[in-house]
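Okay, thanks for coming, everyone. Let me put the model up and then just talk you through it.

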Amino acid sequence: MSSLSPKVAREYCQVCPSLCHTSCPISELTGELRHTPWGKMNLARGLLEKQLPWTLENLEAIYQCYACGQCSDACAHSISLAEGLEEVRVQANELDLAPSGLKEIKKNFKQSNHPYRIEDLAPLPETWRLEKQERIFWPSCHTRRYFPHRLTIYQKLFAKLKIKGLGLWQGPLPCCGAPLKHLGLKEDFEELSEVLYHSLLSYRSIVVEDSACLQTFQTSYLKWGKGLKYKLVHLSEFLDSYLEHHPYRSREDKLQEAVLIKPIALKERPLEKLYEKITGQNLPVLLSKQGFLPTWGIEASYHRLFPKLAQKLSQKALKNLPPMESGTLLTADSLVQGQIESFSSPWKVRDFYEWMEEILY
Ligand code: SF4
Ligand code: SF4
């Protein structure tokens with residue numbers, strides 16, 4: 001992470017030959033200079049310094065970043081685009097110029113502490129013991145909204161692996177606040193994250209289902225302290241530690257013509273190792289940068305903010321899939337699953353953990 005202030009970072013970008021030019025999955029898909037990290041930072045600087053007008057067209061480009069960090073990796077100064085663009089998004093809210101869909105998200109957060117309407121979130125499964133435990137499982141609100149059956153799959157998986165004493169998070173804040181953070185709703189994010197940080201501190205460990213939630217806890221909650229740092233673990237890493245001596249139903253159950261799709265934020269996680277342990281085989285892996293839009297930051301709300309652009313990008317991304325007529329796209333992340341399922345594709349989408357649960361004794 002860069003130690004430069006967002007203002008100085010934008011000045012560095014101004015004189016940079018755009019070393020990060022090809023790192024951004026969004027500009028790679030749109031092919032537009034204003035969507036490159038360099039383009040977005042210069043647009044942000046122009047808007048904040050009042051050299052450019054605050055038109056919807058200029059503002060739209062400022063929201064085409066999911067804070068995936070690919071450009072920071074390519075940058076000699078590790079500049080964080082998300083921070084460099086945040087000030088514009090905050091001001092856009094103050095000036096009432098933010099995309100119209102954002103108002104609904106903000107209203108929902110006020111009423112229900114997550115980006116959806118209260119009635120949109122499925123109740124937690126009654127069969128999951130909800131009494132206070134030292135360890136808790138944190139599902140994303142996106143999962144609870146669009147793929148609530150995943151909670152039942154996790155329950156079955158934990159039972160097969162004889163995992164005990166893992167409570168389900170049931171606090172009044174079911175969202176880590178990533179949409180607030182990335183949409184520039186700064187004060188709302190700070191309020192939510194402070195309360196949630198202190199609520200989570202009382203647990204010994206927190207198993208996090210979604211890579212976007214994990215990254216938000218690991219980075220954006222740091223301002224409240226380092227207390228969560230060693231308590232957080234991604235679901236795939238957590239399961240890995242239980243797989244060592246577990247019997248599998250049949251190694252012949254490996255998937256045919258399957259590709260594992262991972263969100264960029266999950267690149268270091270052991271999903272493919274889990275597959276290898278279970279089947280004894282390697283699985284082709286496609287990072288979302290190569291084939292799909294990144295599933296990160298504002299992505300969960302992206303189709304609500306920019307429906308036409310989201311559709312255009314999805315169609316383009318579909319063309320980047322491996323040249324197969326059909327097969328299985330395996331994904332561990334409900335954001336990725338939602339995105340793939342919005343395509344009209346001959347590929348069958350399968351949830352990684354569902355497949356895993358079926359193949360384990
Ligand atoms: S983020 Fe780094 S590499 Fe990219 S334009 Fe700015 S200074 Fe250059
Ligand atoms: S953080 Fe990711 S999405 Fe945002 S500009 Fe950089 S590469 Fe693009």
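Predicted model: local features only at pLDDT ≥ 70, side-chain atom pairs only at ≥ 80, totals over all residues.

Residues are numbered from 1 along each chain as its sequence is written, and chains are lettered from A and ligands numbered from 1 in the order in which they are written.

Back to the strands. Strand β1, residues 135-138, runs parallel to β3, residues 205-208, with 4 bridges between them. On to β2, residues 166-168: it is parallel to β1 too, through 3 bridges, and Phe-137 has Leu-168 of β2 as its bridge partner. When I say strands or helices, I mean DSSP runs numbered from the N terminus: H or I with at least four residues for helices, E with at least two for strands. Two strands pair if DSSP finds at least two bridges between them.

Then there's β4. It runs parallel to β3, joined by 3 bridges, and Ile-206 stands opposite Leu-232 of β4. Put together, that's an open sheet of 4 strands in the order β2-β1-β3-β4, with parallel pairing. β2 and β4 (232-234) are at the edges with a single partner strand each, so one side of each has no neighbour in the sheet. On average, neighbouring strands here are turned by 30 degrees against each other, direction ignored.

What packs on the sheet, touching β1, β3 and β4? That's helix α12, residues 211-220, and its direction makes about 155 degrees with that of β4. Helix α13, residues 235-243, lies across β3 and β4 and runs at about 80 degrees to β4. For angles, axes are lines fitted to C-alpha atoms, for helices over the stretch in contact, and the angle runs from 0 to 180 degrees between N-to-C directions.

The axes of α1 (6-14) and α3 (37-48) come within 9 Å and cross at roughly 120 degrees. That makes them oblique, therefore; under 35 degrees would be roughly parallel, over 145 roughly antiparallel, 65 to 115 roughly perpendicular, and the rest is oblique. On the α1 side you have Arg-10, Cys-13 and Gln-14, meeting Trp-38, Met-41, Asn-42, Ala-44 and Arg-45 in α3; contact means C-beta atoms, placed from the backbone, within 7 Å. That contact divides into 4 nonpolar, 2 polar and 2 charged residues. The classes: Ala, Val, Leu, Ile, Met, Phe, Trp, Tyr, Cys and Pro are nonpolar, Asp, Glu, Lys and Arg are charged, and the others, Gly among them, are polar.

Last thing, the ligands. Which residues come nearest to ligand 1? Of the 13 around it, they're Cys-13, Cys-16, Leu-19, Cys-20 and Cys-75, where "around" means a C-beta atom, placed from the backbone, within 6 Å. α1 and α3 each give two or more residues to that shell, and α3 gives the most, with 3. By class, the shell around ligand 1 is 11 nonpolar, 2 polar and no charged.

Ligand 2 has 15 residues surrounding it, and the closest are Cys-24, Cys-65, Cys-68, Gln-70 and Cys-71. Its shell gets at least two residues each from α3, α5 (70-74) and α6 (81-94).

Methods: Contact = placed C-beta atoms within 7 Å.
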